[in-house]
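Please view the sequence and the structure together before reading on.

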Amino acid sequence: VDGEGCQIVYWVVEDPQEEKFAPLEIESETKRCPKPVNYLPLILGIVFGLLLLGLLLLLLWRICIGLKDRNEYNRFMKSRGGERAQGDNPLFKAPIQTFPNPGF
């Protein structure tokens, strides 16, 4: 690996006269340099993926709550049946009332 982060391919050959190993460099075309990584699409993909996941979870939660509420309302309406108020409602007071004036 050189200073630029590229790999250089070379062969090591043995010199029979000196009994040493010597590197035999290959042409510079055999350099393998890594391509620079573009981090922006990676970061944006993660951010938008998390946002989409959050929105889907919110939608799923809303659908579940809506179904539960609908079932509870239907159960309430069934239990209520055909009940009708009979007689006067003890909680209801007429908005117009007459009070005697003691001064007259």
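## The helix

In this predicted model, helix α1 covers residues 39-80, a run of 42 residues. At 1.5 Å a residue, α1 should span 62 Å, and the C-alpha atoms at its ends lie 61 Å apart, so the two values agree. After α1 comes Gly-81, which has a positive phi, near 60 degrees.

## Order of the elements

The protein chain contains two strands and one helix. Read from the N terminus, these elements follow the order β-β-α.

## Confidence

The mean pLDDT of the protein chain is 81, and 70% of its residues reach at least 70. Among the elements, α1 has the highest mean pLDDT, 95. The lowest, 62, belongs to strand β2, which comprises residues 20-25.

## Surface and contacts

The protein chain has 104 residues, of which 1% count as buried. Its accessible surface amounts to about 10,800 Å², and carbon and sulfur atoms contribute 62% of that area.

Among contacts between residues at least 6 apart in sequence, 25% link residues at least 24 apart.

Technical notes
Residues numbered from 1 in each chain as written. Predicted model: local features only at pLDDT ≥ 70, side-chain atom pairs only at ≥ 80, totals over all residues. Heavy atoms only, no water. Helix = DSSP H or I, 4+ residues; strand = E, 2+ residues; numbered from the N terminus. Expected span 1.5 Å × (residues − 1). Buried < 20%, exposed > 50% of the residue type's maximum accessible area, 1.4 Å probe, protein only. Contact = heavy atoms within 4.5 Å. Areas by Shrake-Rupley, 256 points an atom, 1.4 Å probe, with all protein chains shown as cover. pLDDT = per-residue confidence, 0-100.
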